[in-house]
Amino acid sequence: MTDMIRATGLRKRYKDVEALAGLDLDVPEGQVLALLGPNGAGKTTAVRVLTTLLKADAGSATVAGVDVFADPDGVRARIGLSGQYAAVDEHLTGYENLEMVGRLYGLGRTAARDRARELLERFGLSDAGDRPSKTYSGGMRRRLDLAGALVAEPPVLVLDEPTTGLDPGSRVQMWDVIRELVSSGATLLLTTQYLEEADRLADDILVIDHGKAIARGTADELKAQTGGERVEVVLRHAADRDRVRRLLEPVAVGEITVDTNGRELTTAVQGGVSSLRTVLDGLESERVEVLDIGLRRPTLDDVFLSLTGHAAETDESGTDTDTDADADADESGTTGDSTKTQEAATR
Ligand code: ATP
C-alpha cells in the first residue's frame with residue numbers, strides 16, 4: 001500500500017520550546033490516522049508543516065508523493081485542510097463561501113455553483129445555504145469549513161481538531177460526516193485531544209507528546225496497553241480505604257490510585273465483569289458502605305497517565321491547559337479528571 005502522507009524526523013523549535021522533536025508518521029492510502037495528544041503536544045505544528053503553512057527546521061515529508069518542502073504548491077493542490085477555527089467569511093452565505101472557494105480553485109462559474117449546492121446538500125446545510133454564515137451555529141460553521149476543504153476533491157484531507165469546542169450533538173454529526181468521507185476513500189490525517197474521537201474515526205492512532213510519537217496502535221490496542229478496563233469504587237467513609245485497597249489488590253493490574261479525598265479508588269483490571277464481581281463480593285462480606293461502583297473503559301487520561309506518567313499537560317506558566325479536554329470528555333460520557341488522577345498517581 002502506498003503512503004499518501006509520510007514524514008520522517010520532523011523538527012521545529014520555537015525559542016526554548018521544541019514543538020516537534022523528530023516526529024515520524026505515515027498514512028497509507030485510504031486510511032485514517034489520528035494524531036492524539038494533549039494541548040501543546042505538537043499536533044497543530046505537525047499539521048502546519050505537512051500542509052506547507054510552516055517550514056520545519058529539519059526532516060522530510062511527502063504528501064500524495066509530492067515533496068512538501070521542494071514543491072509546496074504541488075502539495076497544496078492535493079490537500080484539503082480544515083482547521084481548529086473555521087475559516088469561513090462570515091458576511092457571505094454558506095453557498096457564496098463554497099462558490100468562492102470553487103472559483104479560487106479554478107472551477108468555472110457553473111461548476112463552482114453546482115459543487116457548492118452539492119456540498120451544502122451533503123453536509124446538511126441546504127436549508128441554511130442562503131443565510132449569511134455569521135448566523136450559523138459553531139457546528140454548522142465547522143461543517144461549512146470542512147465542505148470548503150472538499151471543493152477541489154483532494155485525495156488527502158487534513159483535519160485539525162475538527163470537533164474541539166463543539167457541543168456533543170454537533171460532535172456526533174461531525175463524526176458522521178467525517179466517517180462518510182472516509183468510506184468514500186479519502187486518506188485522512190486527523191488531530192484530536194479526544195480518545196473517543198480517535199476511537200470512532202481512525203484506523204490507527206499515533207499518540208504524540210512533546211513533539212514525538214510515543215505510541216501507535218488501534219484504539220483497542222492503546223486501551224489494552226493501558227491495562228484495559230477499570231474498576232472504580234467510591235466509598236462512603238474514607239476510613240474504609242485500606243480495607244478496600246486490600247480487596248482490589250488481587251484483581252488489580254498495576255497501581256491502585258486513590259483520589260485526594262481518599263474515598264475514590266481506581267485500578268485497571270484484567271477480568272472485566274468477573275473482577276467487578278470479586279470486588280462486590282468482598283465489599284459485601286466486609287460490609288463496606290459504597291456510594292458508587294462500576295467498570296469503565298480507559299479514558300484519554302488513563303492512556304496518557306500510563307504512557308507518559310502525566311495526565312494533563314501544563315504550560316510554562318504552570319496553568320493546567322487540559323480543562324477543555326476534561327469538559328468535553330465529560331460531555332461525551334467518558335469522564336476523566338486529570339488533576340485527580342495526577343495527584344493520585346504521584347502518591
Ligand atoms: P493544541 O491541542 O493546544 O492545539 P497542539 O498539540 O496542536 O496543541 P502545537 O500548537 O503544535 O500543539 O504547539 C506545540 C508547542 O509549540 C506548544 O508548546 C506551543 O506553545 C508551541 N508553539 C506553537 N506555535 C508557536 C509559536 N508560533 N511561537 C512559539 N511557540 C509556539
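Which backbone atom of Gly42 lies 2.9 Å from an oxygen atom of the ligand, and what is its element? It is an N or O atom of the Gly42 backbone. The model is predicted, so local features need pLDDT of at least 70 and side-chain atom pairs count only at pLDDT 80 or more, while totals for chains, interfaces and linings use all residues. Residues are numbered from 1 along each chain as its sequence is written, and side-chain values use heavy atoms, without hydrogens and water.Polar contacts are pairs of N or O atoms within 3.5 Å; within protein, one must be able to donate a hydrogen and the other to accept it, and residues adjacent in sequence count only if both atoms are side-chain atoms. A backbone N or O atom of Ala41 lies 3.0 Å from a ligand oxygen. In Thr44, a side-chain N or O atom is 2.7 Å from an oxygen atom of the ligand. The protein covers 63% of the 640 Å² of accessible area that the ligand has on its own (Shrake-Rupley method, 1.4 Å probe).

The shell around the ligand holds 14 residues (a heavy atom within 4 Å). Gly40, Gly42, Thr44, Thr45 and Glu161 come nearest. Helix 1 gives the most to this shell, with three residues. Strand 2 (17-28) and helix 1 (43-50) each supply at least two. Helices (H or I, at least four residues) and strands (E, at least two) are DSSP runs, numbered from the N terminus.

Four strands form an open sheet in the order 2-1-4-5, with antiparallel pairing (at least two DSSP bridges per pair). Strand 2 and strand 5 (66-67) stand at the edges with a single partner strand each, so one side of each lacks a neighbour in the sheet. Five bridges join strand 1 (residues 3-14) to strand 4 (residues 58-63). Ile5 stands opposite Val63 in strand 4.
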